[in-house]
Amino acid sequence: MNKINYILILFLVIFFGCNKKKVAIENSNPKKDSLPIYLTLANDDHLPFTYKKKYNQKAFDIIMNQKDDSINKINLFKVANRYYNMNDWNGYRETSKLILERSQKSHDSANIAKAYTYLGDYYSAQAISDSAYLNYFKAEKLYLNLNNNYNLAKTIFSKANLQFNESDYFNSEIAVFKALKTLKGENANDLLYESYNLLGILYNEREEFDRALEYHNKALAIIDNQSFPSVLQSKASSLNNMGYVYLNLKNYKQAKSYFEKGLEEENLFVDKPKLYAMLLDNLAYAKFKLKESEGLPYQFYRALKIRDSLHITSGIIINKTHLSEYFASKNDTFKAVQYAKQALALSRSTNRLRSILEALKQIEAVDPKNASKYSKEYILINDRLQKAERKMGEKFSRIEYETDEIKVENTNLEGQNKKLLLIFGSFIILAILLYTIKLQKVKQRELLFKQQQQQANAEIYNLLINQQNAIEINSIKEKKRVARELHDGVLGRMFGVRINLDSLNKIKDDSGIERRLNYLTELKNIEQDIREISHNLNREKSELINNFVAIVANLFEEQKKTYSTKFLAHIDPAIKWDFIDNTVKINIYRILQESLQNCNKYANATKIKVEFKKQNDNLILKISDDGVGFNINRAKKGIGLQNIKTRTIECEGTLEIKSKKEEGTTIIIVIPIKKTQKPTT
């Protein structure tokens, strides 16, 4: 009845505890509070495995939706730890692999090393020793480069523990001392304890019992001098190990006292039921060897029940071997053989060679009829074990050697890559140098071209000035000539006609009328002469004004004579060229030259048209062709187009270029005619 009540109370506690935690989750802010709550619940030993796994998965889902940064990786490690604590090895492995991939992507060496140790722990728990060793070795190299002595020592210790489990005692011992050397100057009592404890166990296996006791005492001294978490039950573990050494020394009384002290540790059964079962079994065995009957065989059975509930196969095998030995001493052969056979069958199912040997040794002792058969099997398995241990030791060495070889190869490849990079860099520098020299030459040619262009502009300007001067000289000469003609010819004749007409006033006959008619005819002739002189003066003024037009006309004539392309030109007569500055005229002339040259060279046109128009207070020059055209956005900004743009800017004008492939090109230049300008002379 008491047992039923206990179970009912336990069920109610778990039920209400789960409900309270569920309410807490529902009332929390999922974005802010859910993650720590889920992680806490996933680590709650009072919850069933399915609940813990569900909460851990929820925590994982939240983390995966967060930014991949250092905090994100810390949280993923927490998820992996919880999978480890609940023995969900698949979840532990996949989470560790994910952290490794993310850390490698972000080149985070510290987290890469930590992920390798997690994977090493996974393979170690699964008894895949070579894979575990490889991951530990990779982590060791990274921690060495990071100068992280604590984690380096911890990883070396993990390797040592792995080597010990594979009975590679010599290399395990070397690795532990290497870890202890690395820990010098570090505040790492937890690792010191683990290292001393492993050395004690190692020397016990090698039957160096004095040294085993020495290091177990060192481990106990650290526990006594430092505050270790009670939940770890480190003291109980060390007391068990000390008792086991005395058990091998056949000092069963001393062994019994250490096992009893270990079992006296507070909350041992709750915190470490596995260790509690081990101490209980060892205590029962020590009592059996001391021929004490108190508590036997109940203590053996209780230890076996705990181990069976926890599925601790290795412990069950030892327990049943002890029971076989116990019942053999009681002459209960049936039970002795029964437990020995069960131990042998279980050890064979695990394929643990050392366990099989221990079981064979026991069954050989309790079943003399089949002793020879078991003895042969013992010899064969012992040979296999030695070969397997030697092979595993060689495999560990090969892993280190091959990994170092890969590292050397990578170093060589890095050296080769550096050489290639240096050569490639030299080529790039040389190419840049040659390009710079070529660019400087191009700039020099451009500068020379601009200088030649400026010189040509000056020559055109001088030509225009000379032409203007020549026109002015001719104009002066013409004026003088007209003045002479007016003075010597027209004025003289008009004076003679006036005198004669005055004299006719005295004559009143028909002869006077006839003479008047003659004089009127003479006046008409004088009038005609004056009109001709006036027309000549007007024509001369027009030539003076339109001299620029004449120069442009010559350019157009040259175009028509030189090229077969149909050429059309129109100059608006409303344009007052005498109000346009000579600098503007020079730039317009050069723009015309450049544009026609581009049309002739590149356009492949059948028709070219040039128009000068006056619109409001602007002079508009439009040059168009029906040639191949070009893509304005992709076309290189050549010197010709750049010169046209520069000259337009000098004239304070605007430039517009319209062109499409196979649709010709149109250049429109708009130059303001300043109202303040005076006519050019």
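Biologist: What puts the charged end of lysine 54 over the ring of tyrosine 55?

Modeller: The charged end is 5.3 Å from the ring centre, and the cut-off for sitting over a ring is within 6 Å, along with an angle within 35 degrees of the ring normal. Keep in mind that this is a predicted model. Lysine 114 is another case: it lies over the face of phenylalanine 77, at 4.3 Å from the ring centre.

Biologist: Okay, on to rings with rings. How many aromatic pairs turn up in the whole structure?

Modeller: The search finds 20 aromatic pairs.

Biologist: Why is the pair of phenylalanine 164 and tyrosine 169 called tilted?

Modeller: Their ring centres are 5.5 Å apart, and a pair needs centres within 6.5 Å. Their planes meet at 45°. Under 30 degrees would be stacked and over 60 edge-to-face, with the rest tilted, so this pair is tilted.

Biologist: And what makes phenylalanine 269 and tyrosine 276 edge-to-face?

Modeller: Here the planes are at 75°, and edge-to-face means over 60. The centres lie 5.2 Å apart, so the two rings count as an edge-to-face pair.

Biologist: Are those two residues buried or exposed?

Modeller: Buried means under 20% relative accessible area, and exposed means over 50%. Tyrosine 276 has 12%, so it's buried. Phenylalanine 269 has 42%, which falls in between, so it's partly exposed.

Biologist: Which residues form an aromatic cluster?

Modeller: Tyr285, Phe288, Phe300, Tyr326, Phe327 and Tyr339 form one.

Biologist: Now the strands. What makes β1 and β2 a pair?

Modeller: Pairing takes at least two bridges. β1 (residues 566–571) and β2 (residues 607–615) have 6, in the parallel sense. One of the links joins isoleucine 571 to phenylalanine 612 in β2. Between these strands the chain goes through helix α23 (residues 582–603), and the β-α-β crossover is left-handed.

Biologist: How do you know β2 pairs with β3 as well?

Modeller: β2 and β3 (residues 618–625) share 8 bridges, in the antiparallel sense, against a cut-off of at least two. Glutamate 611, for instance, has lysine 622 in β3 as its bridge partner. β2 and β3 form a hairpin with 2 residues between them, and asparagine 616 in the turn has a positive phi of about 55°.

Key. Residues numbered from 1 in each chain as written. Predicted model: local features only at pLDDT ≥ 70, side-chain atom pairs only at ≥ 80, totals over all residues. Heavy atoms only, no water. Phe/Tyr/Trp six-rings, centres within 6.5 Å; stacked < 30°, edge-to-face > 60°. Buried < 20%, exposed > 50% of the residue type's maximum accessible area, 1.4 Å probe, protein only. Helix = DSSP H or I, 4+ residues; strand = E, 2+ residues; numbered from the N terminus. Right-handed = clockwise from strand over helix to strand, strands pointing away.
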